[in-house]
Amino acid sequence: MNFIDILQTASSNMLRSKVRTLLTIIAIVIGAMTITLTNGIGTGIKTYLNQQIGNLGASNVLIVTLTNKSTSPANGPVKYTYNPNVRVSSGGLGKEQLLMNLNDIAKIKSIHNITSAVPSHSLSPDYIKGTGDKYQLTLEQQFGSTTADMVVGRGVNNNSTKNQISIPESYVSVLGYSSNHSIIGKTVTIGVTNPRSVQLTVTATVTGVQQKNLIGQATAYANTTLGNHIYSIRNAGIPKSLTNTFLAAYATFPNNLTTAQINKIKNKLTSKGFTGMTIKDEESTIFSVISAIIVVFDLFGIIALLAASFGIINTLFMSVQERTKEIGLMKALGMSPRRIFALFSIEAILIGFWGSILGVVFAFLIGNIVNTIGRHSFLKDFPGLSLLTFPLNTVFSVIIGIMIIAFLAGALPALRASRKDPIEALRYE
Amino acid sequence: MIDIMVKLIDKSQVVGAEHVTKIYGKGEVAFTALDDINISIMSGESVAILGKSGSGKSTLMHMLALLDKPTKGTVLVNDKDTSKMSNRQIESLRNKSYGFVFQQFFLNGNDTVLNNVILPLKIAKIGRRERNLRGIKSLEAVELVDKAKTKAVNLSGGQKQRACIARALINNPSVIFADEPTGNLDSHTGKIVEDLLFELNKKHGITLIIVTHDEDIAARCNRQMHILDGKLIDSKENI
């Protein structure tokens with residue numbers, strides 16, 4: 001028999017006992033669907049986060065903090081040792097965060113390939129005001145080369161001597177403008193309170209409207225000039241020793257550095273007592289958590305497939321048993337054991353193939369329904385998020401993987417078929 | 001036509017057995033199914049192997065048809081020692097030179113008659129067009145062309161056995177092995193099948209080896225071989 005004949009024969013053999021085959025296929029469908037869905041969710045979330053983190057911008061920026069070598073308070077009280085240069089601020093998650101000062105900035109700047117290092121100051125303006133009422137605002141300084149997604153306009157320019165700001169889309173209407181376009185180039189007023197509790201105002205030009213995103217949801221970005229302006233108001237008259245402390249610093253490096261060169265910078269930072277993380281590093285921390293969750297979900301799918309493969313073994317054993325005479329005849333007529341083996345293995349692979357195809361199709365359908373419903377309800381606040389994304393290579397590897405599992409499951413019954421003695425088989429009643 | 005002439009003139013040995021012995025099991029439970037059988041069957045002959053059930057006649061046919069291997073002795077095909085052949089050569093020999101007709105038909109009921117008949121050609125990897133053509137020709141020989149597209153399960157017993165003969169014929173075999181070919185048929189349809197087999201033997205010179213306990217069939221053969229307890233006890237020529 002040539003390959004096409006074997007394929008055709010295996011195919012019609014598979015359909016001979018339709019109910020039994022269907023039940024076996026359903027088991028595989030469930031497994032294939034589970035794995036495709038869990039991977040789909042994983043890919044969907046990863047793709048989305050990738051976009052969002054990309055929006056935060058700047059792949060050439062390191063967020064530098066002082067490494068806290070003391071143990072976490074979660075492990076019990078830590079003994080105090082006096083160090084006049086170190087002040088401690090609560091890091092929020094139990095661990096104390098060391099405060100940096102201008103000496104640290106100088107140290108960072110001295111590292112080879114670091115082009116600039118600036119303190120990360122909290123700007124904390126009081127409000128923003130357009131042509132109407134005042135609204136609260138989270139404002140951060142933009143560092144590095146920005147890649148934030150703008151709906152309209154462009155990101156702020158750090159080289160500009162004018163005050164510039166980019167605002168989230170949700171602020172357009174409250175600032176009194178009817179469309180995203182109409183606010184570009186307009187002036188907004190920002191209220192800042194100085195240490196003597198006097199509220200002063202600063203004006204800035206809107207350069208762009210940012211797309212709503214997950215991480216920096218309602219954060220506006222200021223250029224260096226605006227940032228410095230606000231900072232100088234907020235800290236006017238306060239002794240330098242108090243103002244020049246901060247939790248983190250932003251260090252930039254040239255865009256064209258290799259990973260090895262970036263790692264070299266990080267090692268240097270570590271040896272000087274700092275921790276340096278790029279946006280990519282933070283991303284991979286999040287991704288490794290997501291991947292771990294997906295693996296757990298995948299396990300459920302794999303358990304389903306394991307059960308399904310026993311279904312295949314059972315189905316094929318019955319099929320070999322039922323077709324004993326036929327196998328005997330084919331052997332008597334000169335079919336080689338190897339081809340008998342191929343005939344039954346291909347039947348198993350076909351069961352796996354159809355099961356996985358159907359599973360993937362169902363996963364697609366469910367994914368589309370969930371994405372459509374989600375876009376209008378529970379995912380409304382995450383524009384651009386497709387909860388389920390199915391890249392072709394994942395889908396293919398699921399199908400191929402299941403076909404391999406099916407082949408392995410079918411190997412034992414196929415081997416039994418190929419070893420049948422033709423005389424015994426022909427005598428079998 | 002020349003082909004047939006050659007087959008008639010050339011009376012060489014097609015199947016032979018030399019000291020063929022088959023023992024099942026070992027030690028105390030050993031059972032001798034065949035005991036030192038010597039046979040020589042010439043091309044174009046028709047031979048009946050007779051004996052009671054359990055006498056070893058089917059086992060002998062299995063040996064001669066290369067479906068089984070003897071414990072001792074050798075089976076010869078065209079004067080060649082088959083014990084020296086590879087499995088592949090033996091499979092090819094069964095596929096291309098032998099035809100089989102069994103008492104139990106062994107047709108796939110869900111498949112068409114034509115597809116059942118062309119199975120040996122499928123195994124021999126012959127293309128679709130040629131095998132369908134030859135399948136129809138083979139069905140013509142047994143007068144079953146009108147049933148080509150019928151499912152085998154819908155045939156009568158006699159038609160089934162004729163389909164089996166068509167399947168046995170399809171490779172233009174030099175030998176047809178028939179194991180109780182009329183065993184499952186009533187006397188009337190049995191007669192038709194019987195006539196068909198002998199016609200093939202006479203007209204086309206195909207060697208016929210029939211295992212049977214039907215004296216009438218045996219009487220129509222050139223030669224009768226009686227088997228008892230695994231031994232060849234009597235071999236007589238019909239003239």
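**View 1. Chain A contains 13 helices and 14 strands.** Helices are DSSP runs of H or I with at least four residues, strands are runs of E with at least two, and both are numbered from the N terminus. The model is predicted: local features need pLDDT of at least 70, side-chain atom pairs count only at pLDDT 80 or more, and totals for chains, interfaces and linings use all residues. Residues are numbered from 1 along each chain as its sequence is written, with chains lettered from A and ligands numbered from 1 in the order in which they are written. Among contacts in chain A with a separation of 6 or more, 82% join residues 24 or more positions apart. A contact requires C-beta atoms, placed from the backbone, to lie within 7 Å.

**View 2. Helix H1 (residues 3-14) of chain A crosses H11(A) at roughly 60 degrees.** Their axes come within 8 Å. Axes are lines fitted to C-alpha atoms, for helices over the stretch in contact, and angles run from 0 to 180 degrees between N-to-C directions. H1(A) and H11(A) are therefore oblique to each other; angles under 35 degrees count as roughly parallel, over 145 as roughly antiparallel, 65 to 115 as roughly perpendicular, and the rest as oblique. The crossing of H1(A) and H11(A) is right-handed, meaning that the near helix is turned clockwise from the far one by less than a right angle (left-handed if anticlockwise). Residues of H1(A) in the contact include Ile6(A), Leu7(A) and Ala10(A), and those of H11(A) include Leu343(A), Ile346(A) and Leu350(A). By class, this contact has nine nonpolar, three polar and two charged residues. Nonpolar covers Ala, Val, Leu, Ile, Met, Phe, Trp, Tyr, Cys and Pro; charged covers Asp, Glu, Lys and Arg; the others, Gly among them, are polar.

**View 3. Helix H11 (residues 337-376) of chain A also meets helix H12 (residues 392-418) of chain A.** The two axes come within 7 Å and cross at roughly 145 degrees. H11(A) passes H12(A) in a right-handed crossing. The contact comprises 24 nonpolar, six polar and two charged residues.

**View 4. Chain B, with nine helices and 10 strands, touches chain A.** Of its 239 residues, 49% are buried. In the interface, 18 residues of chain B are in contact with 16 residues of chain A. Helix H3 (87-97), strand E6 (98-102) and helix H5 (119-123) of chain B each supply at least two residues of this side, and H3(B) gives the largest share, five residues. The chain B side divides into seven nonpolar, five polar and six charged residues.

**View 5. H3(B) has buried residues Glu91(B), Leu93(B), Arg94(B) and Asn95(B).** These buried residues pack against helix H10 (324-332) of chain A, together with E4, E6 and H5 of chain B.

**View 6. Leu67(B) lies in the loop between helix H2 (57-64) and strand E4 (72-77) of chain B.** With 22 C-beta neighbours inside 10 Å, Leu67(B) counts as buried. Leaving out residues up to four places away in sequence, Leu67(B) touches Ala332(A), Pro422(A), Ile423(A) and His62(B). Its C-alpha atom is 9.1 Å from that of Glu91(B), 24 residues apart along the chain.

Technical notes
A residue is buried if 20 or more other C-beta atoms lie within 10 Å of its own, exposed if 12 or fewer, and partly exposed in between; C-beta atoms are placed from the backbone. Two residues are in contact if their C-beta atoms, placed from the backbone, lie within 7 Å.
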